[in-house]
Amino acid sequence: MAVVPGMSELTAPFWEAARAGRLVVQECQSCRQSWHPPLPRCPHCHAAGLGWRPVSGEGTVYTYTVVRHPTHHAFADEVPYVVALVALAEGPRLVTALLGVAPDEVRVGQPVRAVFRDVAAGVALPYFEPDAGRAAAQRGSLGGLWPAR
Amino acid sequence: MPGGTAIAGIGATEFSKDSGRSELRLAVEAVTAALADAGLTAADVDGLVTFTMDGNAEIAVARELGLRELRFFGQVGYGGGAACGCVAHAAMAVAAGAADVVVCYRALNERSGRRFGQVTAGLAGVPTTAGVDNGWHYPMGLATPAAAVAMIARRYMHEYGATSEDFGRIAVAARRHAASNPRAWFYQRPVTLAEHQESRWIAEPLRLLDCCQESDGAVAIVVTSLDRARDLPRRPAVIAAAAQGSGPDQYIMTSYYRDDLAGLPEMGVVARQLWRQAGLGPADVRTAVLYDHFTPYVLLQLEELGFCARGEARGFIADGAVELGGRLPLNTHGGQLGEAYIHGMNGIAEAVRQVRGTSVNQVPGDGPVLVTAGTGVPTSALILS
């Protein structure tokens, strides 16, 4: 059985969007800054009027770990798996897991794109997978040096 | 630290993998030992402080000790980040006149009882701020302290070129020191860098030997005024500085949304207070006990505390610099990698022994001793002299 996130007034809009296959982050209606994880007030201007904005789902791997030692039965059959902190193109970061990539091929800076997977009734989680198109473009701009360290 | 306070006694149980008795009994044994070490009795105690994570309420320990009254009691939060904070709270209580003798304690059956690495799925759903925070990473499989630290370690490697071997040098130093410490679980069991490199991955880039032990045991620390401590049998370990710190956008182990992930800004908050309170700098420190639940954070602490510049810890620790005989011996008891994982409290006891001159791995000289608490969480530290 999967570990599912608890819902609260603060976090429900994020998970409801995920269930619909959309990635959203909180946005301040006053100063237009956005961030993640959600907060009850804007951390920049402290305004209470907050909304949610859809983001592109494009991002890059900011850091990651390859989990080899399982501790919870929900993940015991998954090891090795890759947990990553992805920096979204729009700026905020979120913790996710990578799909469709061998653990040894993950790199900091790697372009990735959001995909959603249902993990329990009514619960979808945002995963990320390699973004081949952007990786190819990056290879071109780096003269074939990708994957760079 | 103003007010004139000192650590007058230290006490501990044996450190094991299966204590065979309750955490409450461990707590009382450690407190009793610390009071005997201080030349005091339970009748002298009017304050108790522990961790919020400790399973033994102050009133339960007071009942077991037969204390009739408690004038000061409290719990410090954020896991191992509490360790030196307990002593800081005790010292402030004594300095303010709220209590005369405050005992800090931590008792845990972390190996035979509740293991911190065993994720509790319910933690991702409880209606507290911590539960909401957990909901962002537990479901994605970021479910252990090792994995949480591995994320920071990977970014640190990426930014500064540190390697697994650099982390391994911390483990080698700890196990060398534990090897000559009869209290240590890894007494007479040193490791080589090659053995570190051969140890299995837990959560890359962390190997098994980058991770501290899981232990059963308890440690207690007696805090009183410097004036009173001078009348007691042991040489006082003067609390020259005591500080807590939390940083920007702080989380418990998962402060991943800050601008800079390759640092420990909460330890920077602590460091600035320590040096200011004590009127000292890193070059004055004789030996340090740096919290070592995972090796990479020892490197980050050296940088945040000002022993070296950002990104330069790998050079600082090279060539045995943090081993006995080096320029800054670290964790002379063997640390939590080598002695035991008592949530940082055993490190405070070692710092006291270094001040007294009674460590099994005594570092020569009379300079002050620095000791830090848990990293990756709101934290704390002390300078003892």
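Two strands count as paired if DSSP finds at least two bridges between them, and strands (E, at least two residues) and helices (H or I, at least four) are DSSP runs numbered from the N terminus.

View 1. V66(A) sits opposite E204(B). E204(B) also has a side-chain link to chain A: a salt bridge with R68(A), at 2.8 Å from N to O. (That term takes a side-chain nitrogen of Lys or Arg within 4 Å of a carboxyl oxygen of Asp or Glu.)

This is a predicted model, so to speak of local features pLDDT must be at least 70, and side-chain atom pairs need 80 or more, while totals for chains, interfaces and linings use all residues. Residues count from 1 along each chain as written, chains are lettered from A and ligands numbered from 1 in written order, and side-chain values use heavy atoms, leaving out hydrogens and water.

**View 2. Where chain B meets chain A.** Contact (heavy atoms within 4.5 Å) brings together 37 residues of chain B and 36 of chain A. About 3200 Å² is buried between them, with 64% from carbon and sulfur atoms; that's accessible area (1.4 Å probe) lost on being put together, summed over both parts. On chain B, W136(B), M140(B) and M151(B) lose the most, together 25% of that side's share.

**View 3. The nine-stranded sheet of chain B.** This open sheet runs β3-β2-β4-β7-β1-β8-β11-β10-β9, with mixed pairing. β3 (72-76) and β9 (287-289) of chain B each have a single partner strand, so one side of each lacks a neighbour in the sheet.

Technical notes
Buried area is the accessible area (1.4 Å probe) that two parts lose on being put together, summed over both.
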